[in-house]
Every structure is written in structure tokens, then in C-alpha cells.
Amino acid sequence: MSESLGIAVIGAGAIGRTHIETLAGMPGLHLSAIVDPMPAARTLAESLDVPCLPQIGDLLEFGLARAAIVATPNETHLPVSAALLRAGLPVLLEKPVAESLSSALKLIAVADETGVPLLVGHHRRHNPIIRTARRAIAEGCIGDLVMATVTCSLAKPNSYFEAAWRRSPGAGGPLLINLVHEIDLLRHFFGEIAHVQATASHDRRGFAVEDTAAVTVSFARGGLATLCISDAAVGPWAWDLSAGENPARFPAHPVTPHLYCGSTAGLSLPDLALWQPPGAPDWTVPLQPHRLEVTPGDPYRAQLEHFADLIHHGGTPLVSVRDATANLMVLDAIVRAAESGQRVAVDLSPLGHET
Ligand SMILES: NC(=O)c1ccc[n+]([C@@H]2O[C@H](COP(=O)([O-])OP(=O)(O)OC[C@H]3O[C@@H](n4cnc5c(N)ncnc54)[C@H](O)[C@@H]3O)[C@@H](O)[C@H]2O)c1
């Protein structure tokens, strides 16, 4: 048996606590420290009997962890992760990879220079539902993608916005916080996005960042998708509110916010219903649905298992820093499209090579 791996959680806020709870049930891993300056973090650390440090300098000085999960606000992702990687600690970094493209590109340089494992926390890719859908789509279950529709109605309580970063451009807003997950999934299933168009509004909440956006994307391989997102709109039609990934935080409604329509069949998620015609496609003939089989699993746990595997055995992260930066490049194009009203091409060339 190898020694249990001590993991520090940097930032014990909403998602940091999910990681702490997940770690508690995992063999071979344990929480070795919390780094967070807030009093609530100290109280939590005391209840768990682990050290609590106000900053990562102390963690590194005292050698209190073999690896770290970074769950701090977006604008701190680069400085915190770079310091950890330079100290030789593998990092699981929450999404989005950074608050800006320039920060993400700097983080790529640090990851390349140090060679220390860096996994970005697009946790949905570890969900068995997503793994099953990706395999089926790659095997041609819907033919070629023709169109997709993704809805994210995420009416957040006012208290959510007490943290100032969630109201700030470049850090908060549902595009960067939430739509980045949807973009990641669409790229994971259907390949790179070539062009985007978008309209954004902040009329409901009146913050400097958007609260609502409507986006269309076209894929390099062909096919179009629309995505509608709002943190002020009520409805169950969102992955977070239907997939049951985080039952302690979110209800799981029986709806399908992701609809993928191909040249031969349609697929909805998260229910994995595949709608096929009995013969050649004909809108007058009833389609026959059947569910793709899946064994449910906790994606946060699977993500940590993958992180541990990377630390012990090396290999390629399921979500690399380049891959996550490509998501940011799409988002950057969406923001520019919303500002200009123009169709904007997604430029992945700064990544240097394929994601
Ligand atoms: N993958 C997911 O499902 C998911 C869900 C929610 C949030 N996130 C991401 O996780 C990150 C955190 O989001 P959140 O909603 O948990 O935020 P939060 O505001 O609830 O928590 C952030 C915590 O980080 C602490 N902190 C701030 N700067 C720090 C620093 N330099 N060092 C140590 N601690 C510091 C704060 O005191 C706070 O406790 C964001 O990047 C967000 O996009 C991911």
C-alpha cells in the first residue's frame, strides 16, 4: 500500500467544501491542510482537525501537502497555481482556468516550464453520463451534428452575489462562471468551435457583469448550437439542476436542458435518451426512444481519482491547461461578439498546438 496522499484545499468556499467532503470518503487521499484567510475556514479546519493557514506561503514553508486543489476566486488562479507548481506540487485547479486569456497563457508557460501535473476542474467530463454520451456520439449514434440547444436557467439567490468577485467583470458573471462548463462539453462532444455570435444583458440584476446571454456557435466540423444562460431566470432547465451531480447543493429535476439533433438521430442529456427513426428520417413517422445505459457516479470523486492517478503515474490530464484555455478563448470571442454585435472567429493559434 502506498502512503496516503496529503492534499491541501486552497479556498474553502462553496466548491472548496465540496472537495473537502469528497476527499473525506476517498481511500489513498486525505485532506492535510486548508489555506483560506476567512474565519469560517478556520472553524471548518478545527472541526476537521487539520491546520488552517492564511496563505500558501506558509503551506509551502511547512511542507504540509503533496498536492493541492485550488478553489479560490478566478483572478487568483494564476498566482496561486503558479506558486504551487513552481514548488513542485501537482494542482487540481477549478474552472475557469483563469480570469483572462493573458493569465491563462502565462499559466500554460508555467505548466510547460515546471512539468508538474495540472488538471483543470471541468468536473462534468468525469461524469459517467458524459463519458457514455461522448463514446456514443463518437461512434456515430446521432450521425453528424446538425444543431444543438443548451439551456441554463440558474436563478441564484441575492446572497450569492455578496462576494464582490461574482459581480465583477473579468471574474464573475454567468458566462465565465457557468457557460464555460457548457462550452467545455460542446467542444468535448463536437470538436472545436469556429465562430460565435452573442447578445448579453445586465438588465435584471444591474451589475457591471451580464446576468443573461444568448449565444450561437458554429463548429469547425459543421453543425450549429444555441446556448441561453441567465443567473436571474427561473426554471429547472440547467445541467446543474437536472444531472444530480451535487445533491447536497442542488435539486435534480427530471428535465433535459441539453438537446443534440444529428443527421440520423437525436440525443438528450442528462437522461441519455436516444431518439431514432425506424427507417429513413421522416418527421411524420414517430421516433423510437431508448435510454443509453449508464452506471451513475460522482464526478467530483472520479475527478479526484484521476488527479491521484496523474500524481502517481503521470499521463495526460483529461482536461489540460491548454484545453481549458481553449474554452476561455471561446468565451473571450463570445464577450467580444456581444460587445460588437458582430460574428467573431475563435482564434486558437496562441495555444501553439492542438488542445
Ligand atoms: N466545478 C464546479 O462545480 C464549481 C462550482 C462553483 C465554483 N467553481 C469555481 O471555484 C472557484 C471558487 O468559487 P466558489 O464559488 O467556491 O467561491 P467562494 O467565494 O465561495 O470561495 C472562495 C474562497 O477562497 C478564499 N480565498 C480568496 N483568495 C484566496 C487566496 N489567495 N488564498 C486562499 N484562499 C483564498 C475566500 O476566502 C473564499 O473562502 C471559482 O473559480 C469558481 O468558478 C467551480
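Histidine 77 reaches the ligand with its side chain: an N or O atom there sits 3.0 Å from a ligand oxygen, a polar contact in the sense of a pair of N or O atoms within 3.5 Å. The model is a predicted one, with local features needing pLDDT of at least 70 and side-chain atom pairs counting only at pLDDT 80 or more, while totals for chains, interfaces and linings use all residues. Residues are numbered from 1 along each chain as its sequence is written, and side-chain values use heavy atoms, with hydrogens and water left out.

Arginine 166 also has a side-chain N or O atom by the ligand, 2.6 Å from a ligand oxygen. With alanine 14 it is the backbone that takes part, a polar atom lying 3.0 Å from an oxygen of the ligand. On its own the ligand has 840 Å² of accessible area, and the protein covers 83% of that (Shrake-Rupley method, 1.4 Å probe).

The chain splits into domain 1 (5-122 + 300-318) and domain 2 (125-297 + 331-340), with bounds from an automatic or database domain assignment.

Terms used. A polar contact is a pair of N or O atoms within 3.5 Å; within protein, one must be able to donate a hydrogen and the other to accept it, and residues adjacent in sequence count only if both atoms are side-chain atoms.
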